[in-house]
Amino acid sequence: MASVRVPQAVARAAATIRPGGAGGHGRLLLELDLTGGLGVAPPSDLLGRLQAARALTMTVAVRKLAEAEDDPAVRGLVAKVGGGRLRLAQAQEIAAAVRSFRAAGKRAWAWAETFGELGPGTPGYTVAAAFDEVWLQPSGDVGLTGVAVEGVFLREALHRAGIEPQFDQRYEYKSAADRLLQREFTPANREASERVATSALDQVVTEVAGGRLLAPDVVRDLVDRAPLSSTEALEARLVDRLGYRHEVYATAREATGEGVRLRYLAAYSRHRPPAEHARETVRRRVAQRRSGVVALVHAVGEIRLGRGGRGLQGPALGSDSLSAALRAAADDDAVRALVLRVDSPGGSYVASDVIWGALTAFSATGKPLVVSMGTVAGSGGYFISCPADVIVALPTTLTGSIGVLGGKPVVTDLLRRWGVGTDAVIAGRHARMASVRARYSEDEWQRLQETLDRIYDDFTGKVALARGLDRDHVHEVARGRLWTGADARDRGLVDELGGLRRAAELARERAGLPYDAQLRPFPHVPLLGRLRRPKSSEDPGGVAAGAPPGGAAGVLTELLDGTAGSVGELLEALGQGPGALLLMPPVVLR
């Protein structure tokens, strides 16, 4: 046989190829930067999706870490932690994913320039404690200072501005309107907030003690001593080594082997040779046709009627958009179960009830429905979680807040101070009931009370029915009170503690699907599908968000020219939504 000469350049290139590599690049050391936080979910509107094209979301991070567990090319993980944007529940979910990654025989290093720099560093350190090694820059601190629940109260500021808040809520623990009505914590709000903080700190102590092999009492003592300098943290065994980035990476490279290459987790995908990739693609498609998939639907943001998008305070969850996604999942034969990922503080009662109806219609198909709660799933966020067969929450998820508030801010004095007069002609006794330029009459105030009672009764009745609980028990744990996920489980409001991965496992089990059945974001609407107008309310393209609503900039003009026919936009400007609200206070665990 004649010999074939191979050019030297080709030979050298072939010699560098290692089997099992990702993208043909051999061993991989994954990188993850948590200092900027993680997105909750891909934005629902087109502009938001384009802006966040390179951003890593929580669900994607958890999925990719799971994929990397059994990828022989992946040798380890280096994560930059610290910063102040990671929420405590997010830290717990990432920590659980890292522990699973390590259990598969992979090494993991966490490094920080600082945990707080004299600021709150509890979430960042909580996730760091799940790694094999924790590195800290010598100039850094460990701000493991505990958990705080802070309140901001606007009553005095509104009074000085000439705005009179006329609100009421059900019941004493419902504190969403307290920032407008009060000057400090009410006794009930203080009691509930203290319990939330205590429960959250219990979870932090458990996570840190387990990860660092320290006694819980020792961790509590360190929390009370914090913030700690780098040398104090090293002596207390909160960190393993002091050093800079290049030293961390040198250690990780040495431990994972010669020739290891860096790859951001966001850019990682498991590499398979072309033949194996083709076989895997065919296998997945056949499996999907035979056994089906689990649909993942996101419910993110403040709940409002209509289509989703972006509101004044972030993403808005539109009842039309979510209902369209649920109908599409119900009608798709490939979808055998659904995981609803809820990250919402609530919002409109009527919009929440629209979603409730769509969820019960989905459940009527016999397909399992599992809710995975993220950072927050309270009030209306809990309302839309109730119909699920199983509710899974993270230990520090903020949930419950089963109650209602309603009312309006009256701006008559504000306008008078500006020299603006108002008047009205009415045809109908309550024609100005929703006007921010008129106070409630005694009769209108009574009608508001009756409405709040009716909504609270409906809310608690739905919880009792869906959760199989006694109405008296529901009222006892409701009354507007906020709970952590751990406390909610103990009171029957949540079934299990865990993250998205556990929720997907339960959905597969209930649907009789194999353990590796795909968890697929749903519905997939291509770019062109998002640009075109939906053909009908059944068109999956209807899930794509519409344009964001008008913001606070036009509120003053509308108050003056009389075009603000409802209290909605002013309430949004003050951090409230229109109508009767299933809304929880803006609590952040730091």
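Visitor: How many cavities of 30 Å³ or more does a search of the whole structure find?

Guide: This is a predicted model, in which local features need pLDDT of at least 70 and side-chain atom pairs count only at pLDDT 80 or more, while totals for chains, interfaces and linings use all residues. Residues are numbered from 1 along each chain as its sequence is written, and side-chain values use heavy atoms, with hydrogens and water left out. A cavity is a set of points, on a 1 Å grid over the protein atoms alone, where a 1.4 Å probe fits but cannot get out, and its lining residues have an atom within 4 Å of a point; the volume is the space filled by probe spheres set on the points, which are joined across faces, edges and corners. With a threshold of 30 Å³ or more, the number of cavities found is 3.

Visitor: Which element gives the largest share of the lining of the second largest cavity?

Guide: This cavity, with a volume of about 50 Å³, has a lining that includes V40, M58, A89, Q90, E93, R341 and D343. Two or more lining residues come from each of α4 (88-103), β14 (335-344) and β16 (369-378), where helices (H or I, at least four residues) and strands (E, at least two) are DSSP runs numbered from the N terminus. The largest share, 3 residues, comes from α4.

Visitor: Which residues touch the most other members of the largest nonpolar core?

Guide: A nonpolar core is a set of buried Ala, Val, Leu, Ile, Met, Phe, Trp, Tyr and Cys residues joined through side-chain atoms within 4.5 Å, and buried means under 20% relative accessible area, against over 50% for exposed and partly exposed in between (1.4 Å probe, protein chains only). The largest core has 62 residues, and those that touch the most other members are L77, V81, F115, Y125, V127, V142 and L238.

Visitor: Is F153 buried or partly exposed?

Guide: F153 pairs with F185, the rings lying 5.6 Å centre to centre with 85° between the planes; rings of Phe, Tyr and Trp (its six-membered ring) pair if their centres lie within 6.5 Å, and planes under 30 degrees apart count as stacked, over 60 as edge-to-face and the rest as tilted. The two residues are 32 residues apart, F153 in the loop between β5 (141-142) and α6 (155-161) and F185 in the loop between α7 (178-181) and α8 (187-212). F185 is buried at 19%, whereas F153, because its relative accessibility is 24%, counts as partly exposed.

Visitor: Why is the pair of W356 and F383 classed as it is?

Guide: W356 lies in helix α14 (residues 349-363) and F383 in helix α15 (residues 380-383), so the pair ties together parts 27 residues apart in sequence. W356 is buried at 13% relative accessibility, and F383 is buried at 1%. Because the ring centres are 5.8 Å apart and the planes stand at 65°, the pair is edge-to-face.

Visitor: What is phi of S379, a residue other than glycine?

Guide: S379 lies in the loop between β16 and α15, and S379 is buried, with a relative accessible area of 0%. Its phi is positive, near 55°.

Note on methods
On a 1 Å grid over the protein atoms alone, a cavity is a set of points where a 1.4 Å probe fits but cannot get out, and a pocket is an open set with protein on both sides within 12 Å along at least five of seven lines; lining residues have an atom within 4 Å of a point.
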